[in-house]
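Here is a report on one structure, written for reading beside the sequence. Keep both views open.

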Amino acid sequence: MQKQQIMCKEIESFDFQSGGEASSNLKNILRKLGVNSDLVRKTSIVTYELEMNVVIHSLGGEITALISEEELEIRVDDVGPGIEDLDKAFTPGYSTASNEIREMGFGAGMGLVNVKRYADKLTIESSKENGTHVKVLIKLF
Amino acid sequence: MNLKELKTLLKADIIFEGQGYSDDFEILNACGADLMSDVLAFSNEKTLLLTGLTNPQVVRTAEMVGIKIIVFVRGKDPQIETVALANQLDIFLYSTAKPLFEACGILYKYGIGPEEMNYIEPPNI
């Protein structure tokens, strides 16, 4: 089944004022499409964690959402600098965020852990040269 | 517990009460956290958040999990941007002079239980 793009939004590095707007937009789009509220919440959490990762850790990126009758696909692509140690990034409590970021309530080292918890399928590729590319699938049924 | 009782117990000041405010709004569960990922780990709606953080991302986080009420502890006033975003999203804001531990303790004593965490087994990546 072919997927239809329902959102594509640019995310700027360190933009804490607008950070979360893409996730908020997607939440509203999914509600309008009549997606069940548990799935909307699950998707919102995943998207928001990934969006804030782009804001906090990257030099900027993009979030794209696609939908088919069976599933929702969230793609988050940034331009770098990449995740140094992917295994560590999935360790609960591990974070490379600065004290300044932690004081804002982020950098708890639970972001990717939460994404993994709510995603039905998660793939992540990261390198210094090509940035980080995350793909999350959430089943709609 | 309803919203009026919550405000009385915490001696809470109103920062923003939006559309649909009702004294009888029922509070079923709550979480107290200063880490946004901890809030995002909770699974159910109709939750109250008690926090010491006051930046707009607190409201954004609440929006993502369907939290309707935020109480800022230790008498903290949120930033103007935080109140503006709450206004836009119709999320109610209050402030209490009580510290986080005491505020949570009072609510627990008067019947608000902990939120159930979502313990979905993570898939292999």
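A:Glu73 and A:Lys3 form a salt bridge in this predicted model. Their closest N and O atoms are 2.7 Å apart. A:Glu73 lies in strand β3 of chain A, and A:Lys3 lies in the segment before β1, so the pair ties together parts 70 residues apart in sequence. A:Glu73 is buried, with a relative accessible area of 4%. A:Lys3 has 24% relative accessibility, so this residue counts as partly exposed.

B:Glu17 and B:Lys7 form a salt bridge, with the closest N and O atoms 2.8 Å apart. B:Glu17 is in the loop between β1 (13-16) and β2 (29-32) of chain B, and B:Lys7 is in helix α1 (residues 3-9), so the bridge ties together parts 10 residues apart in sequence. B:Glu17 is partly exposed, at 25% relative accessibility. B:Lys7 is buried, at 15%.

A:Lys3, A:Glu71, A:Glu73 and A:Arg75 join into one network through salt bridges that share partners. Over all chains, the structure holds 9 salt bridges.

| Salt bridge | Closest N to O distance |
|---|---|
| A:Glu73 and A:Lys3 | 2.7 Å |
| B:Glu17 and B:Lys7 | 2.8 Å |

**The interface**

How many salt bridges cross the interface of chain A and chain B? The rule finds 0. Polar contacts do occur there: the count between the two chains is 13 residue pairs, with both residues at pLDDT 80 or more. α1 (21-32), α2 (37-57), α5 (111-118) and β4 (121-127) of chain A each supply at least two residues of the side that touches chain B. α2(A) gives the most to that side, with 7 residues. The residues of this side of chain A divide into 13 nonpolar, 10 polar and 8 charged.

Now the extent of the contact. Chain A puts in 31 residues and chain B 27 residues. The area buried between the chains is about 2,400 Å². Carbon and sulfur atoms give 54% of that area. A:Arg41, A:Tyr48 and A:Arg117 supply 25% of the area that chain A buries against chain B, more than any other three residues.

**Helix α2 of chain A**

This helix deserves a look of its own. Its 21 residues should span 30 Å at 1.5 Å a residue, and its end C-alpha atoms are 30 Å apart, which agrees. α2(A) is mostly covered, with 17 of its 21 residues buried. At the start of the helix, a side-chain oxygen of A:Asn36 comes within 2.8 Å of the backbone nitrogen of A:Asp38.

A:Thr43 is part of α2 of chain A. Is A:Thr43 buried or exposed? At 1% relative accessibility, A:Thr43 counts as buried, because the cut-off is under 20%. Which residues does A:Thr43 contact, leaving aside its neighbours within four places in sequence? They are A:Leu26, A:Leu30, A:Leu72, A:Ile74 and A:Ile138.

**Backbone details**

One peptide bond to check is in chain A. The bond from A:Gly80 to A:Pro81 is cis, with omega near 15°. A:Pro81 lies in the loop between β3 and α3 (86-89) of chain A.

Two residues of interest are in chain B. B:Arg74 is not a glycine, yet has a positive phi of about 55°. Its place is the loop between β4 (69-72) and α4 (80-89) of chain B. At 60% relative accessibility, B:Arg74 counts as exposed.

B:Asp90 is not a glycine either, and has a positive phi of about 60°. B:Asp90 is in the loop between α4 and β5 (92-95) of chain B. At 18% relative accessibility, B:Asp90 counts as buried.

Conventions:
Residues are numbered from 1 along each chain as its sequence is written. Chains are lettered from A and ligands numbered from 1 in the order in which they are written. Side-chain values use heavy atoms; hydrogens and water are left out. Contact means heavy atoms within 4.5 Å. Buried area is the accessible area (1.4 Å probe) that two parts lose on being put together, summed over both. A salt bridge is a side-chain nitrogen of Lys or Arg within 4 Å of a carboxyl oxygen of Asp or Glu. A polar contact is a pair of N or O atoms within 3.5 Å; within protein, one must be able to donate a hydrogen and the other to accept it, and residues adjacent in sequence count only if both atoms are side-chain atoms. Helices (H or I, at least four residues) and strands (E, at least two) are DSSP runs, numbered from the N terminus. Ala, Val, Leu, Ile, Met, Phe, Trp, Tyr, Cys and Pro count as nonpolar, Asp, Glu, Lys and Arg as charged, and the others, Gly among them, as polar. The expected span of a helix is 1.5 Å times one less than its number of residues. Buried means under 20% relative accessible area, exposed over 50%, partly exposed in between (1.4 Å probe, protein chains only).
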